[in-house]
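I opened this notebook to record what I looked up in the structure below. The entries take the ligand, the strands and the charged side chains in turn.

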Amino acid sequence: MALVGSAEERSKALVLFGPPGSGKGTQAKLLTQSLHVPHISTGDMLREHVRSGTPVGSKVRDILKAGQLVSDDLVNEIVEERIGRPDCSHGFILDGYPRTLSQAQILSGFLDSRNVCHLVVHLKVDPEKLVSRLTNRRQCPQCGTLYNVLLKPPIVSGRCDVEGARLIIRDDDKEHVIRQRFDAYERQTHPVLDYYRGNGKFFEVEASDASPDEIFSQIRKFISSNGAGHSAP
Ligand code: ADP
């Protein structure tokens, strides 16, 4: 399956939307493997800036640590540069962007001007499940694969199944920072849902109890029913 079915078809952007811990990163990884389009995670890009010590990294380090949102202008600029690259010409997956109404409006303008249509998937999760998902989350620092020590542990404790690297806990997966991230989600990000419900192709998937594979297969059906072909493997 691909995000563009034929030469005449418009390329598509898939926006994965949901609170911290809703499984956006997990679904994005599955989708990027299946659709062969880039996975663009603003969180990963910002963390990479921090790790590499770039000027953007020093601007955002404390904001990420505190679980707050970085400025719209900065994120918009990073995303615009990324999705303008040639590897995005057949479509791409956005994870963690847009996160404010202003980002959503900028993205719509950008995509409309390039004749890219967007599909939006909302991963809906019971709020009580989210804290436990985040506090038990571990990530491979090399390939980004996500684990959950209770629900999806690695084969060898503390090591990535793919890379063998020692798994890490994200700085912002500490309980007091998690609260701050939920607060930012409720105040700044949740209102974006109403914008999408009324604009374009929107799909809500109940993601509290279903397995990642079940959710993935529902998202694939939604993409197929919205015009993506079944070309590439
Ligand atoms: P999660 O969705 O689990 O909170 P992300 O990896 O998407 O995690 O984001 C981590 C942090 O990066 C956010 O808490 C925020 O500080 C910053 N960030 C990521 N995307 C955006 C965005 N679109 N706008 C503003 N800040 C962002």
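The model is predicted, and I kept to its limits: local features need pLDDT of at least 70, side-chain atom pairs count only at pLDDT 80 or more, and totals for chains, interfaces and linings use all residues. Residues are numbered from 1 along each chain as its sequence is written, and side-chain values use heavy atoms, with hydrogens and water left out.

**Entry 1**

I next listed the shell, taking a residue as near if one of its heavy atoms lies within 4 Å of the molecule. The ligand is surrounded by 19 residues, the closest being Thr42, Gln68, Gly96, Gln103 and Arg181. By class I found seven nonpolar, five polar and seven charged residues; Ala, Val, Leu, Ile, Met, Phe, Trp, Tyr, Cys and Pro count as nonpolar, Asp, Glu, Lys and Arg as charged, and the others, Gly among them, as polar. Helix 2 (residues 42–52) gives the largest share of this shell, four residues. Helices (H or I, at least four residues) and strands (E, at least two) are DSSP runs numbered from the N terminus.

**Entry 1: strand 3**

I checked the pairing of strand 3, where two strands pair if DSSP finds at least two bridges between them. Strand 1 (residues 12–17) runs parallel to strand 3 and is joined to it by four bridges, with alanine 13 opposite phenylalanine 92. Strand 2 (residues 39–41) also pairs with strand 3 in the parallel sense, over three bridges, and isoleucine 40 stands opposite leucine 94.

Are the two faces of strand 3 (residues 92–95) covered or uncovered? I found both covered: Phe92 and Leu94 on one side, and Ile93 and Asp95 on the other, are all buried. Buried means under 20% relative accessible area, exposed over 50%, and partly exposed in between (1.4 Å probe, protein chains only). In a regular strand the side chains alternate between the two faces of the sheet.

**Entry 2: salt bridges**

I searched the whole structure and recorded 14 salt bridges, each a side-chain nitrogen of Lys or Arg within 4 Å of a carboxyl oxygen of Asp or Glu.

Arginine 181 meets aspartate 173 at 2.8 Å, N to O. Both partners are buried, arginine 181 at 10% relative accessibility and aspartate 173 at 5%.

Aspartate 87 bridges to arginine 82, with the closest N and O atoms 2.7 Å apart. Here aspartate 87 is partly exposed at 40%, whereas arginine 82 is buried at 13%.

Aspartate 194 and arginine 197 approach to 3.6 Å. The two lie in helix 8 (residues 191–197), three residues apart, about one turn of the helix. Aspartate 194 is exposed at 54%, and arginine 197 is partly exposed at 43%.
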